[in-house]
Every structure is written in structure tokens, then in C-alpha cells.
Amino acid sequence: MDTQNTSARPHARSRNGGENHPSRGTRANTRSGGVIHDNSRHTSRFTVIGNHLAQHAELSLLAIGLAVHIQSLPGGALIDIRTLASRFPEGKTRIAAALRELETHGYLRRTCERTRSGRVVTRTVSCNQPGRSGATGGAEAKPRARRPARREGEPPRRALPAVPQPAYPAPDLLGSAVEVLAGLRRGDPRLLLSATEVEHLAPGVAAWLERDLPPSAVHHALTTGLPSEPLHRPAALLAHRLAAQLPPVPPFSAPAAADAVRHQLRNCEVCDRAFRGAAPGSCRGCLTEPPGTRPSG
């Protein structure tokens, strides 16, 4: 009875899922630490974003997110620093730095133009594929105004020194800069500037105003300590000051949380009158006077 039957077929070995399906374990291991996409096809209210932007190797995460937000906006939407800072919590300094990144890598193009009324405005173009020239809202490119020809015997004009450029020249910022430049002649008649000179200097003044400086501070910096002799090229002197004395970017500081508890309105537990305090209790009058001695209201 203890003799083994050699003619009987051996029992089949139990199947091992890992041995019979080696790829199954491999897929499980690779998925354990990575993202799994649960995507559905959009049919309305969506924006196409290229991977060259979403996976850009040099742009910051704030710049990438800001570019996606700008590309999702309709044409004509305001994207100046003030509008974006009121929409997002990052603050004007960080948003200005992100816009500067997008302009450096070609996702934004900004040019200053002068309207028929003489006001300097900024045209901002959002580029979803940098390097490709596209339409700018359907408007044809306007030819740049030519300078009048130089008269015979007139010395050649020298170009004005370069001025700092704002991180994001919003129209209201450039408008304030033009007002500062137009008001310089009230303090010193020698600082009378032409329209061309104002157009050249306005971005430099805007760069100062963008750094949390009031217009009065910029006016004081441009008009203090001027030489007593006649100024042959006041615009060149102002351009030099705007570049040489440009203040640093103010450090970023998170907005302090509002202390709502400190100013909370409460009712006194003794006389039921309203008072402001950090915790429930008695008002100042009941704390200083014995109960029952205060006149009834």
C-alpha cells in the first residue's frame, strides 16, 4: 500500500500570477509612485495649452500658471499687474517677475503706442507658440511715424540713453509716468520735453513707479541737484538719472492676517452694552465701577 504508483501523472503545480504574468507586477510597481490620469474629453469651455509651456524647463511654476490664465482669457481682458494682483494672492512683485519671465521667453509681447489724443498706451500680445507671428486682434500693423528730416547744417541727433523698462507697462502706469514728466517743467522751466522725449522716458519713470514709489518721489529724484548752467539736452540728463538711480525692487512680504478678533463687537455680560474686545466679558465701565452704581441707559 505504501508503494508509489509511478504510472500516475504528477499533480499540477499551482499557478502563480506573478510568474505567469510578469508584466502585471511590473506595471503595478511603476504605477505605485506615479500619476494616474483620469481624463475626459472637453467639448466646451476649454483652452489648448502646449507642452512647451506646461513643461517648460526654465519658467517658474507661477509664470506657467499665469501664462495659462492669460491664454484662457477673452480678447481685450485686462492683464495689468493691478488687475492680476486683485485676482491672485501672490502680490504685485511676484506677478511682475512672472510677467517678465513670460516676456523673456516669448509668451508675451508688449509695445508702447501713442494714440491720436497723445496718450501713450501699451499693446500686449499673448503668444501661445513663441516665435510664430500671428494676428494681433485683426488690426493691421500701423507704420511707425518717421522723424522729420534733418535740416541742412543741423548737427546730427544723438540717441537718448537707454532707460529702465518696467516689468509690465500697464496703461495706467504709463499714464502716471507721462504726468510726472509733463509736470517737471513746472518746477524747472529748463525741463521742457518734446512728445518724442516723453515717449522715450515714460517707461523709465514707470519702472520707478512700479517699485512702490509715489510720483512725488520720482519728481524729487529727477529735479533735485540739477546743474545751474543751461541744460542743452535735459532729456539725456533725465534718462541718465532714471537708469543710474533706479531703486531696488522692494522685498516681497506676505500680507498680514487681519486681526478680526481684536475688533470684534460684543455685548457686556453685566450691563448688556456693546463694546469691542478679544473675548466675551464685561465692558470697561463695568470693570471699573461696582455693579449697580452705573446709571441706566
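User: Which residues in α10 meet which residues in α11?

Analyst: Ala221, Leu222 and Thr223 of α10 meet Leu238, Arg241 and Leu242 of α11. Contact means heavy atoms within 4.5 Å. Helices are DSSP runs of H or I with at least four residues, strands are E runs of at least two, and both are numbered from the N terminus. By class, the contact of α10 with α11 has four nonpolar, one polar and one charged residues. Ala, Val, Leu, Ile, Met, Phe, Trp, Tyr, Cys and Pro count as nonpolar, Asp, Glu, Lys and Arg as charged, and the others, Gly among them, as polar.

User: What should I know about the model and its numbering?

Analyst: This is a predicted model, in which local features need pLDDT of at least 70 and side-chain atom pairs count only at pLDDT 80 or more, while totals for chains, interfaces and linings use all residues. Residues are numbered from 1 along each chain as its sequence is written, and side-chain values use heavy atoms, with hydrogens and water left out.

User: How many helices and strands does the chain have?

Analyst: The chain has 12 helices and four strands. Of its 297 residues, 25% are buried. Buried means under 20% relative accessible area, exposed means over 50%, and partly exposed is in between (1.4 Å probe, protein chains only). Among contacts between residues at least 6 apart in sequence, 54% join residues at least 24 apart.

User: At what angle do the axes of α10 and α11 cross?

Analyst: Two packed helices are described by the angle between their axes and the distance between the axes. Axes are lines fitted to C-alpha atoms, for helices over the stretch in contact, and angles run from 0 to 180 degrees between N-to-C directions. The axes of α10 and α11 cross at roughly 120° and come within 9 Å. That makes α10 oblique to α11. Under 35 degrees counts as roughly parallel, over 145 as roughly antiparallel, 65 to 115 as roughly perpendicular and the rest as oblique. The crossing of α10 and α11 is right-handed; the near helix is turned from the far one by less than a right angle, clockwise for right-handed and anticlockwise for left-handed.

User: How do the axes of α7 and α9 cross?

Analyst: The axes of α7 (residues 171-182) and α9 (residues 195-209) come within 8 Å and cross at roughly 110°. α7 and α9 are therefore roughly perpendicular to each other. Their crossing is right-handed. On the α7 side the contact includes Leu173, Leu174 and Leu181, and on the α9 side Val198, Leu201 and Val205. By class it has 13 nonpolar, one polar and no charged residues.

User: Which residues of α4 and α6 meet?

Analyst: Leu62, Ala63, Leu66, Ala67 and Ile70 in α4 meet Arg94, Ile95, Ala98, Leu99, Glu101 and Leu102 in α6. This contact divides into nine nonpolar, no polar and two charged residues. Alanine 63 is buried, with a relative accessible area of 0%. Leaving out residues up to four places away in sequence, alanine 63 touches Ala98, Glu101 and Leu102.

User: How many residues are in the largest nonpolar core?

Analyst: A nonpolar core is a set of buried Ala, Val, Leu, Ile, Met, Phe, Trp, Tyr and Cys residues joined through side-chain atoms within 4.5 Å. Here the largest has 46 residues, and those with the most contacts inside it are Leu99, Leu181, Leu201 and Val205. Helices that each supply at least two of its residues include α4 (61-72), α6 (92-104) and α7. α9 gives the most, with seven residues.

User: Is leucine 242 buried or exposed?

Analyst: Leucine 242 is buried, with a relative accessible area of 0%. It lies in α11. Beyond its neighbours within four places in sequence, leucine 242 is in contact with Val163, Pro164, Leu201, Gly204, Val205, Trp208 and Leu222. The C-alpha atoms of leucine 242 and leucine 222, 20 residues apart along the chain, are separated by 7.7 Å. The buried residues of α11 pack against α8 (184-187), α9 and α10.

User: What is the phi of arginine 45?

Analyst: Most residues other than glycine have a negative phi. Arginine 45 has a positive phi of about 55° although it is not a glycine. Arginine 45 lies in the loop between α2 (22-32) and α3 (51-54), and at 84% relative accessibility it counts as exposed. Aspartate 212 also has a positive phi, near 60°. Aspartate 212 lies in the loop between α9 and α10 and is exposed, with a relative accessible area of 54%.
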